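The sequence and structure are shown first.

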Amino acid sequence: MIKIDNLRFRYRDGGFRLHIPELSVGDRDRLAIVGPSGSGKTTLLNLIAGILVPDEGSVLVADTDVTALPDAERRRFRASQIGFVFQDFALLDYLSARQNIYYPFRISPALKLDAEAREMAQDLADACGIGDKLDRHPNALSQGEQQRVAICRALVTRPKLILSDEATGNLDPDSKARILELLFEQSHKAGAAVLAVTHDHELLPRFERVLDFAQFRERVAS
Ligand code: ADP
Ligand code: MG
């Protein structure tokens with residue numbers, strides 16, 4: 001699902017550099033990413049999603065080199081192939097929760113917002129406990145509720161790759177477990193791979209692999 005080869009990236013206006021010699025993620029892999037704040041976890045997810053473009057190296061997602069796509073195509077590729085739960089949610093304030101969940105359908109012509117997709121959106125929202133709040137705008141939702149909207153938006157297209165940046169960060173322990181369960185259940189149904197940045201070490205045994213950014217080396221989860 002993901003193949004990174006000798007990737008180098010540097011922010012233009014900062015000293016941070018990221019070098020990833022090699023990273024492979026299989027079609028149904030569940031990989032957790034841990035590491036200190038500022039170590040480049042969000043940067044890596046943005047590079048995989050094609051939001052950032054590396055200075056060197058390639059990023060293959062489902063056999064497509066995202067670094068080689070023009071901007072508009074990269075955006076459409078992301079909307080149709082990748083479900084991304086952003087660390088700061090990235091909800092649009094002028095849209096209702098429901099319209100935020102539908103957003104990928106606006107971006108990608110390959111996606112059709114049909115009755116099935118609407119039902120999927122409602123089912124996900126119900127499963128997250130926000131099913132009765134979809135007409136509200138983000139500013140009328142709590143942080144945890146906004147996070148759930150972001151999770152529904154990431155899952156509604158049944159993507160083959162789910163990127164999650166601390167998706168459980170603003171939730172209480174019960175909700176954390178439930179949301180992770182939902183992520184895994186949906187990824188299992190869709191045959192999707194999951195890459196999840198998390199600070200919740202108690203969730204790590206649920207993943208097949210853990211990538212520790214502190215040393216940037218992999219170890220197998222116990
Ligand atoms: P993490 O998600 O692991 O906390 P990030 O990937 O967000 O880390 O950030 C890695 C480093 O890159 C940090 O030092 C951060 O300050 C820097 N950084 C992040 N975004 C930008 C940006 N847009 N411009 C310049 N530097 C950035
Ligand atoms: Mg981050």
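This is a predicted model: local features need pLDDT of at least 70, side-chain atom pairs count only at pLDDT 80 or more; totals for chains, interfaces and linings use all residues.

Threonine 42 belongs to helix α1 (residues 41-48), whereas glutamine 87 sits in the loop between β6 (82-85) and α3 (97-101), so the pair ties together parts that are 45 residues apart in sequence.

With a relative accessibility of 29%, threonine 42 counts as partly exposed. Glutamine 87, at 39%, also counts as partly exposed, because that class covers values between 20% and 50%.

## Shell around ligand 1

The residues surrounding ligand 1 are Tyr11, Asp13, Phe16, Pro36, Ser37, Gly38, Ser39, Gly40, Lys41, Thr42 and Thr43. By class, this shell comprises three nonpolar, six polar and two charged residues.

## Polar distances and burial

An N or O atom in the side chain of threonine 42 is 2.8 Å from an oxygen atom of ligand 1. For serine 39, a backbone N or O atom lies 3.2 Å from an oxygen atom of the ligand. Tyrosine 11 places a polar side-chain atom 3.5 Å from a nitrogen atom of ligand 1. Taken alone, ligand 1 exposes 560 Å², and the protein buries 63% of that area.

How values were computed. Residues are numbered from 1 along each chain as its sequence is written. Chains are lettered from A and ligands numbered from 1 in the order in which they are written. Side-chain values use heavy atoms; hydrogens and water are left out. A residue is near a molecule or strand if one of its heavy atoms lies within 4 Å of it. A polar contact is a pair of N or O atoms within 3.5 Å; within protein, one must be able to donate a hydrogen and the other to accept it, and residues adjacent in sequence count only if both atoms are side-chain atoms. Accessible areas come from the Shrake-Rupley method with a 1.4 Å probe; for residues, only the protein chains shown count as cover. Ala, Val, Leu, Ile, Met, Phe, Trp, Tyr, Cys and Pro count as nonpolar, Asp, Glu, Lys and Arg as charged, and the others, Gly among them, as polar. Helices (H or I, at least four residues) and strands (E, at least two) are DSSP runs, numbered from the N terminus. Buried means under 20% relative accessible area, exposed over 50%, partly exposed in between (1.4 Å probe, protein chains only).
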